[in-house]
Amino acid sequence: LDSAMRMLSKVGRSTRATATRRSVLELCMALVGSEDEGFVGKYATHMLAVANSARNAPSQEDGEPVPVPLLATELMEKMEAKVGSGVFLPAFMDVQQRQQQRKQDRKRKLAVEAVTQPRAAA
């Protein structure tokens, strides 16, 4: 189950397809609704990683019932209600720090590439 949740998180974070991201968010919502507090707490970082990146996704595609960012916010609210702030907030902070670190690493890599290989970076 650990590897399945990691894979689900990776798919939900990396996809640009709104339908796929929506499906992953809906699955996470179902898990939060049906599983106990221990399960949700154990896999909070995986589900929060999907929700946090979905909050920054494009707002809405034609014909979709609920915008993905709104669905992500709803998931986060349900998770916090289920496990409490004591579990939710540290997991959320961890997710935000990891995503910020990845963003800084990408920027640093591009800056180094621009200096070392200016033609490729242009």
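Residues are termed buried under 20% relative accessible area, exposed over 50% and partly exposed in between (1.4 Å probe, protein chains only). The structure is a predicted model, in which local features need pLDDT of at least 70 and side-chain atom pairs count only at pLDDT 80 or more, whereas totals for chains, interfaces and linings use all residues. Residues are numbered from 1 along each chain as its sequence is written, and side-chain values use heavy atoms, with hydrogens and water left out.

Helix α5 spans residues 68-83, helices being DSSP runs of H or I with at least four residues, numbered from the N terminus. Its buried residues are Val-68, Pro-69, Leu-71, Ala-72, Leu-75, Met-76, Met-79 and Val-83. They lie on the same side of α5, because they cover an arc of only 160° around the axis, the arc being that of the directions from the helix axis to the C-beta atoms. The face turned away from this buried side carries the exposed residues Glu-77 and Ala-81. Just after α5, Gly-84 adopts a positive phi of about 90°.

Five salt bridges are counted, each defined as a side-chain nitrogen of Lys or Arg within 4 Å of a carboxyl oxygen of Asp or Glu. One of them joins Lys-42 to Asp-2, with the closest N and O atoms 3.8 Å apart; since Lys-42 lies in helix α3 and Asp-2 in helix α1, the pair ties together parts that are 40 residues apart in sequence. Lys-42 is exposed at 54% relative accessibility, while Asp-2, at 36%, is partly exposed. Asp-94 and Arg-98 form a salt bridge at 3.2 Å, N to O, and are four residues apart in helix α6, about one helical turn.

Note on methods: Helices (H or I, at least four residues) and strands (E, at least two) are DSSP runs, numbered from the N terminus. The expected span of a helix is 1.5 Å times one less than its number of residues.
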